[in-house]
Each structure stands twice: as C-alpha cells, then as structure tokens.
Amino acid sequence: MGGYFNIAGRKIAAHHLVLGVLATYGVVFKAVIPKTDKTQPPPINASSDEESRFIQDFIKAAEAEEKKPAH
C-alpha cells in the first residue's frame, strides 16, 4: 500500500516517519513557547484614579454577575 524505507536494517513505513516528524515538531514547539502565568490579570492602564476605580468596580460587578446561578 504505502512506501517503506530501510533504516538501520528495518523496514519503516512512510506514514510512521511522518507521524514521528510531526510529533517531534510538536514537542519542540511546545518546549520553545514560553509559559505565561494566566492567573495574573493584565495591568489596568488608567489615566486617573477615578477611571482606575471605575474599571475595578466594573470588573468586580461583572465577576459577581458571572457567579450568579443561571435559571
């Protein structure tokens, strides 16, 4: 059905080589991408204290609304 390659005296199917290359690529890609801390919220860049308080109050109200049970 598919092609075979002779590697170190063994017959290796072409689709197994492809899967091995893709898996290796995925593992290397996962290792290179830096891990970010998703628990820390982004900083609030407000131009004044009033705006900063408004944003924080809005976020608290939105989080409280999310926690309410839905009907």
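Me: Where in the chain is Ala 8 found?

Reply: Ala 8 lies in the loop between strand E1 (4-7) and strand E2 (10-13). Strands (E, at least two residues) and helices (H or I, at least four) are DSSP runs, numbered from the N terminus. Keep in mind that this is a predicted model: local features need pLDDT of at least 70, side-chain atom pairs count only at pLDDT 80 or more, and totals for chains, interfaces and linings use all residues. Residues are numbered from 1 along each chain as its sequence is written, and side-chain values use heavy atoms, with hydrogens and water left out.

Me: Why does Ala 8 count as exposed?

Reply: Buried means under 20% relative accessible area, exposed means over 50%, and partly exposed is in between (1.4 Å probe, protein chains only). Ala 8 has 78% relative accessibility, so Ala 8 counts as exposed. Its phi is near 55°, a positive value in a residue other than glycine.

Me: What makes Ala 13 buried?

Reply: Its relative accessible area is 8%, so Ala 13 is called buried. Ala 13 belongs to strand E2, and its C-alpha atom is 6.2 Å from that of Gly 3, 10 residues away along the chain.

Me: How do you know that the charged end of Lys 11 sits over the ring of Tyr 4?

Reply: The test asks for NZ of Lys or CZ of Arg within 6 Å of the ring centre and within 35 degrees of the ring normal. The charged end of Lys 11 is 4.8 Å from the centre of the Tyr 4 ring and sits over that ring.

Me: How many aromatic pairs does the structure hold?

Reply: There are 2 aromatic pairs.

Me: Why is the pair of Tyr 25 and Phe 29 called stacked?

Reply: Rings of Phe, Tyr and Trp (its six-membered ring) pair if their centres lie within 6.5 Å; planes under 30 degrees apart count as stacked, over 60 as edge-to-face and the rest as tilted. For Tyr 25 and Phe 29 the centres are 6.3 Å apart and the planes are at 20°, so this pair is stacked. Tyr 25 and Phe 29 are 4 residues apart in helix H1 (residues 14-32), so about one helical turn separates them. Tyr 25 is exposed at 58% relative accessible area, while Phe 29, at 49%, counts as partly exposed.

Me: What makes the pair of Phe 54 and Phe 58 stacked?

Reply: Their rings are 6.4 Å apart, centre to centre, with 25° between the planes, and the pair is stacked. Both residues lie in helix H2, 4 residues apart, about one turn of the helix.

Me: Why are Phe 54 and Phe 58 called exposed?

Reply: Phe 54 has a relative accessible area of 57%, so Phe 54 is exposed. Phe 58 is exposed too, because its value is 56%. The C-alpha atom of Phe 58 is 62 Å from that of Phe 5, 53 residues away along the chain.

Me: Why does Ile 59 count as partly exposed?

Reply: Ile 59 has 37% relative accessibility, so Ile 59 falls in the partly exposed class. Ile 59 is placed in helix H2 (residues 49-67).
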